[in-house]
Structures are given as structure tokens and as C-alpha cells.
Amino acid sequence: MLFKQPALLRQKLFVLGSLALGSLLYLVARVGSLERLQPICPVDNRAPPQSHEQIPLRTLQYKRGLLHELRRGNSTREQNLLHHLVQQLPRAIIIGVRKGGTRALLEMLNLHPAVVKASQEIHFFDNDKNYARGIDWYREKMPFSLPHQITIEKSPAYFITEEVPERIFKMNSSIKLLVIVREPTTRAISDYTQVLEGKERKNKTYHKFEKLAIDASTCEVNTKYKAVRTSIYTKHLERWLKYFPVEQFHIVDGDRLITDPLPELQLVEKFLNLPSRISQYNLYFNATRGFYCLRFNIVFNKCLAGSKGRTHPEVDPSVVAKLRKFFHPFNQKFYQITGRTFNWP
């Protein structure tokens with residue numbers, strides 16, 4: 001039938017060819033624009049950060065759709081090469097603090113189109129077995145990203161593990177370090193609550209918080225208890241400052257991130273030299289959960305896991321008072337070192 005209508009056949013072939021050529025030209029233009037992009041904060045040198053104008057908004061917005069199939073595992077090696085997708089070492093790490101809000105911070109930063117998160121805690125620098133596998137193993141644990149994007153991972157154990165500062169310094173001496181903190185006594189009780197829940201799931205018994213936090217023989221605060229020790233922020237930070245200047249740290253208020261997240265996120269954007277892209281549109285309060293949830297676009301929303309915001313057990317007020325008195329001088333020194341003051345008791 002088609003051979004009897006050569007004119008119609010030629011017309012259809014011309015239309016199909018035009019569409020194919022148009023698609024090819026668009027793809028070439030897109031790849032060309034990506035090639036012109038430069039890293040925001042290069043890992044291998046201390047080059048000054050680029051101005052925000054050097055990162056086209058259209059390119060930043062392009063991230064979500066481009067990486068969607070990749071995250072679903074549907075991309076091929078050829079597609080990765082075509083779009084210049086690479087596995088980059090992190091240029092920023094959330095190093096702690098446990099139960100300070102590290103997961104919430106990571107998920108909220110992932111709203112930014114120039115940020116790509118490592119979904120799982122890698123535990124590379126605090127785990128001797130993982131560290132012995134080498135930097136290439138670590139890189140392979142990172143998500144695929146575009147060259148101009150920055151990869152962020154979080155492993156809260158990094159903050160309190162002695163070997164970690166030196167190990168991270170050897171990887172990248174100019175890396176940016178994020179520390180999210182909460183009121184120390186509240187954080188310690190939250191830490192206990194998570195462990196308690198894990199014990200209860202396994203039908204195991206566990207001591208009350210008061211018995212763990214207070215040394216029965218001296219009636220003083222038990223600094224051997226890990227939940228207490230982790231909340232002495234200044235002791236851990238001093239170890240990090242032997243390797244990194246204070247300017248490479250940004251302290252995030254974990255309590256404020258719960259109640260009013262946007263100002264905290266905007267401060268992090270500035271610290272990471274990112275253009276301001278996270279807005280109130282991306283954050284909405286979920287009254288049922290009692291937390292802010294994330295809005296990536298008109299169809300994709302996300303709330304944190306239901307395990308977040310556990311109800312804390314009641315703790316003897318005298319023990320709470322004793323802990324707050326104990327933490328007070330350490331808190332004052334923490335304020336002095338970091339230049340950020342909190343309204344902690």
C-alpha cells in the first residue's frame with residue numbers, strides 16, 4: 001500500500017528524520033552545557049568557591065529528572081557516561097552528633113538540586129575493616145552525580161571516634177564538616193530511648209536511664225556511659241580541631257531544625273557555597289507526625305521514618321538537673337570555640 005503512495009512515504013520519513021535530528025541537537029546542547037559546568041568546591045585543591053551565578057538554575061533543576069531512572073537502577077553504563085554521571089568523594093560530611101538530627105539534616109539538604117546524598121551510613125572512617133578496603137571502595141559507595149553537584153554522607157559515629165579526624169584529613173584537608181547538636185541532656189535521653197526500644201524489640205531488659213547516667217558509688221554523673229560521654233561536645237570537637245580549622249565546621253541547631261527548619265537550612269546553603277534554592281515550599285508541617293515533611297515537587301513528598309520523634313521515658317527531675325549542671329561548663333566552652341550560642345540550661 002505504501003509503495004503505491006511514494007509521496008506520502010517520503011513525507012513521513014522526512015517528519016521522523018526531523019524529529020530525530022531535533023532530539024539529537026537538544027541532547028548535544030544539553031551535554032555541552034554540562035561540560036562547561038565546574039565543581040562548586042573541588043576536592044583536590046582549595047580554589048575559591050564560584051559565585052552562585054555560575055551554576056545555571058535550569059541545570060540545577062534538571063537534576064531530579066535525570067537521576068530518577070538512575071536511582072531506580074534503570075540506567076546503563078552508556079547513559080551514565082552520556083550524562084557525565086560520576087561517583088564523587090564527598091565534599092561535605094555530616095560527622096555527628098548521634099540523635100542530634102543527622103538523618104533529618106541529610107534528607108532536607110537533599111532537597112537542594114546541587115546536592116546528592118549517600119543514602120546509607122558508610123562507616124568508612126570509623127570502621128577499621130572498611131577503612132582497610134581503601135578509598136576506591138569508599139568512592140564506590142557514593143551515589144552517581146553530575147560533576148557540578150556535591151555529594152554528602154553522614155555517619156554520626158565519626159564525631160566521637162578518635163581515628164576519624166586524621167583519616168578524613170588525609171582524604172581531603174579542605175572538606176566541609178557539619179555537626180548537628182541538641183541540648184545535651186535531651187540528646188542523651190534520646191540516645192537511651194533508641195537503645196531501649198531495640199532491647200524491647202528483642203524482649204530483653206535494660207537498666208533505667210537514671211541507673212546508667214549516675215554512678216551509684218559516687219552519686220555523680222557517670223562519664224563512662226556512652227550516652228553521657230557523646231553529649232560532651234567540646235571534648236570531641238577539640239580532637240577535630242587538631243586537624244581542621246574551626247572555619248571548616250558548621251554547627252547546626254538540631255532543636256531548631258525540628259521546629260523551624262528553613263533558617264537552619266539556609267545557613268548550611270551559605271556554608272556550602274550553594275545558591276539559595278530550598279524554600280518554605282519544600283517544607284510543610286505534618287500535624288499527625290509532629291514533624292516537618294519534605295516536598296520535592298508537585299507530586300513527590302517525603303516524611304521521615306516513623307521511628308523519628310520517639311516518646312522519651314520520664315526521667316527523675318533531680319537526675320536531669322544534675323546532668324544539666326554537669327554539662328553547663330562544657331557547653332560554655334563549646335559556645336566559645338564555635339561562635340554559636342544556644343539557650344541550653
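**Close-up views of the sheet and the nonpolar cores**

**View 1. Pairing of β2 with β5.** I93 has E153 in β5 as its bridge partner. Strands β2 (residues 92-96) and β5 (residues 150-154) run parallel and are joined by 3 bridges. Strands (E, at least two residues) and helices (H or I, at least four) are DSSP runs numbered from the N terminus; two strands pair if DSSP finds at least two bridges between them. The model is predicted: local features need pLDDT of at least 70 and side-chain atom pairs pLDDT 80 or more, while totals for chains, interfaces and linings use all residues. Residues are numbered from 1 along each chain as its sequence is written, and side-chain values use heavy atoms, without hydrogens or water.

**View 2. The open sheet.** The order β3-β5-β2-β6-β9 describes an open sheet of 5 strands with parallel pairing. At its edges, β3 (115-117) and β9 (249-253) each pair on one side only. From one strand to the next, the twist averages 25°.

**View 3. Helix α13 on the sheet.** α13 (residues 261-271) lies across β6 (176-181) and β9. Its direction is at about 170° to β9, with axes fitted to C-alpha atoms, for helices over the stretch in contact (heavy atoms within 4.5 Å), and angles running from 0 to 180 degrees between N-to-C directions.

**View 4. Surroundings of W240.** Y138, Y158 and W240 have the most contacts inside the largest nonpolar core, which has 30 residues. Such a core is a set of buried (under 20% relative accessible area, 1.4 Å probe, protein chains only) Ala, Val, Leu, Ile, Met, Phe, Trp, Tyr and Cys residues joined through side-chain atoms within 4.5 Å. Beyond four places in sequence, the contacts of W240 include I95, Y158, L177 and F249.

Definitions and conventions:
Buried means under 20% relative accessible area, exposed over 50%, partly exposed in between (1.4 Å probe, protein chains only).
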